[in-house]
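Subject: Structure for your files

Hello,

Here is the structure I said I would send. My notes on what turned up are below it.

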Amino acid sequence: MQNPSGQEPEDTLSVTPPKKWAAGVPAVVHALEYSLEQTSPRRTGVDLLTMNQVGGIDCPGCAWADPKPGNRHRNEYCENGAKHINDEATTRRITADFFREHSVSELAARSDMWLNQQGRLTEPMIKRPGSDHYEPIAWQDALGVLAGELTSLDSPDEAVFYTSGRASNEAAFVLQLFARAFGTNNLPDCSNMCHESSGFALSETLGTGKGTVSLDDLHHAELIFLVGQNPGSNHPRQLSALEEAKRNGARIVAVNPLPEAGLRRFKNPQKPRGVVGRGTQIADRFLHIKPGGDLALFQALNLLLLEAEDARPGTVLDHDFIDAHTSGFDEFVEHARSVDWDEVRTATGLTREEIEKVRDEVLRSERVVVCWAMGITQHKHGVPTIREIVNFLLLRGNLGRAGTGACPVRGHSNVQGDRTMGIWEQMPDAFLDALQKEFGFDPPRPHGLDSVNSIKAMREGRVKVFLALAGNFVRAAPDSEVTEEAMRSCRLTAHISTKLNRSHTVCGDTALILPTLGRTERDVQADGEQFVTVENSMSEVHTSQGRLEPASRLLLSEVAILCRLARRTLDGKADIPWDRFEADYGTIRDRIARIVPGFHDFNARVTRPGGFQLPNPVNEGVFDTASGKAMFSCNERVVPRAPEGHLLLQTLRSHDQWNTVPYTLNDRYRGIHGSRHVVMVNSADLSRLGLAQGDHVDLVSVAADGTERRAADFSIVSYPTAPGSAAAYYPETNVLVPLDSVADISNQPASKGIVVRLEPSGA
Amino acid sequence: MAPAHDSRPHVEETVEVAVPVRTAYNQWTQFKTFPRFSTVVHDVEQVRPTVTVWTLGYGPMRHRFAVEIVEQDPDTCLIWRGLDQHPSHQGEVQFRPTRSGGTAVTVRIRLEPRGVAKLLLGSSKGAQVVARPVRRELLSFKDYIEGVGQEGGAWRGTIRNGRVQHDHPEPPRSRVARWPVG
């Protein structure tokens, strides 16, 4: 298999030393440069000055929490957020002429960056069976085609409804309601591919799928772990919280296979010391861990804590907490003592002394927070790793107290809220019962398809219609060629989108582009101007309201499109007032308030400045688990290994990238410019493999299914990755991730720890 | 009360309020209402049962700090500590019934000043600088609760070692989504 994404010629690759700090003045310059390239100074100003402010736009860039109203900066955004919001607010437009000029197959040969740069979609388009061009279609007709295809299916389960984390609570609620009234639980979402492992591990051990910390906890923690995450590029506003924590005396341990700039030092451009000074050192201790070694690291740390307790009984573990609030401690202790230090060394690449120094940091700290992201969740053993992190937190009672807790750092801005609204293929009966009571129809009970299983079902012809609420499913999903084959085998694919992406070009017999309003734009419906709501990574629910005029008068909101589609498809089935929902989103929120726990008085509470915070049971002394207590777990030891001559590859994003969309070919912090077709390998491994910087290689993944997956013609960059490992950009290397290579339990694609070999290109 | 060997400045003030202990205690747990009677508390944000963020103000000056409640027993006491390190403090409020059916409310605050603040507050006279406003605030609380006669709400939970003890008849689990978040 070859990398299926066609490309324009890239610039000449140039490599400079990796940066040792993140943000600062260059971040401001780059953000403004990109913003002004996309749109006017006035629109840039409107966007940026209302972004993450009370009554303004929630930045779609990430799900990091905002400071409380009254404590926000006038400029409460980061470089990537500014780029992202103005990428959406671009003045460039795609019209019918564009699609007359460019065939679908031609567009399929374009890069992600080129497609994104063409501007905003402005009118509904259809690609009819046998045609290679999109053509304009009236909204009524477009929705008629889609509704007709849905109603002609033999079973509702032949349709899949995908949701991206950009969707608002209101749109997500309406989509799941429509899908279930239609008769299916096939509701895959981007969560399936990013933090599904967190949800499963935390639900099992703590009784909640959400993180337990707020910004105040981070600010007042004494020790913070940043594990498998790159805040400088993927959640830059987290750096402000870490800076405040450092100012309050916190220490930070960063654990990552790459020494990212944002883990080292942060120059806050809103503070004098960030502009002219040295900024704030972030990590006090950096553990240069091998990909996938985190499970072994936390198992080793937990053993060291048990041994410290043995040496000084009663001084290390929080016995009161363990006795009163946890289960499974004795079994855990027995299992934990079987740690083998040679295995730990092999799995982590760290020495015992390095880990003992971290233990000492832990013993000095009364309040500990552990943050993690996809460097953990996307491993095959992501769920056990997070369970082991929970073990670590439980041992010293670092849950449910101020300044402590578990912090899965989520990416897309409403990825958490969409789940809360019922976008999940396995919703519990309590939620379905509430839907039934409220709307008078019988929701389907069998579990639906997640992202990976949707691809399999499409490929096997069991799913014939694919509707996406935002996102770029084809590029976000693993095993690119398999995913594309699956999409192409559908009878109809439809995308509710703001901008063009590869998912519009790899499509079913019939394909629809349903252009929609962006976050930045005014949303005026029959009952007046509307706002939507979102839930951030720290369970705070608040409003988002755009101020710009829509990119086209023909755009409909996500809610409007879904309500109209539901009316056409369901034709009176179920007592659901779709027209009222479209006219006044407050009526949707009234229903959410009656169905989703924690949302009582939704309309009243969400319009308060800053919105409201959903309660977290862990912080109220409740562990809603199988045992009724926080659960220690015994996790089998895992030593990720690559055969001789192979490396463990992790896919990652560049700094100038948002999800599947690269804004430029540069990765400023890592010092890589002009090309994304690079593979980062450390110099010792290069010597061992007889390769050198600048060599062109194919990345070939070694999979259990025996299929050779190849990402062709990548330039080698000598980079301080952990020994034995490599890194390359997502989504270009998704082609290397087998569809069946998933995290145990969560079924999340395992995009980290891929065993690859590097073969000279053209060999 | 601060132990005899504890050299850190501390203040202790008591007022008697003419309402039952339960009423006084319940009203005290409604932290967000403090600005209604206080002259220095401008805003209180309840992050969760154990964590509040207070904004105090003197004239144009504002000071915002987070507080963790580490122990709380209904109708008996609350013990808290400041989460910020500079300056830090610990405090306690006790509620005791009086013979007349009222409540003796005692506030103790132990300061851990640094730098210049340590010089200013390190003496017994310095501690009086803090004691006066504490007493003033207690008297304001007295005026308020005696004036309105009954509490405006209550939180009757128990906190031990900074953790809410789950002993409510109706657990909060019914108020939150239980499904995993990916």
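Please keep in mind that this is a predicted model. In it, 40 residues of chain A are in contact with 30 residues of chain B. On the side of chain A that touches chain B, the elements giving two or more residues are helix 9, helix 10 and helix 23 (415-420) of chain A. Helix 10 of chain A gives the most, with 4 residues.

The buried residues are A:Glu196, A:Ser197, A:Ser198, A:Gly199, A:Phe200, A:Ala201, A:Leu202, A:Thr205 and A:Leu206. Their cover includes helix 9 (191-194), helix 21 (374-377) and helix 22 (382-395) of chain A, along with strand 15 (405-408) and strand 24 (630-631) of chain A. Just after helix 10 of chain A comes A:Gly207, with a positive phi of about 85 degrees.

There is also an annotation to pass on. An unreviewed UniProt entry lists residues 647-753 of chain A as "domain: Molybdopterin dinucleotide-binding". Over those residues the chain is 36% strand and 7% helix. The end C-alpha atoms of residues 647-753 of chain A are 9 Å apart.

Regards

Key
Residues numbered from 1 in each chain as written. Chains lettered and ligands numbered in written order. Predicted model: local features only at pLDDT ≥ 70, side-chain atom pairs only at ≥ 80, totals over all residues. Buried ≥ 20, exposed ≤ 12 C-beta atoms within 10 Å, placed from the backbone. Contact = placed C-beta atoms within 7 Å. UniProt positions renumbered as here; feature names shortened; annotations may be inferred.
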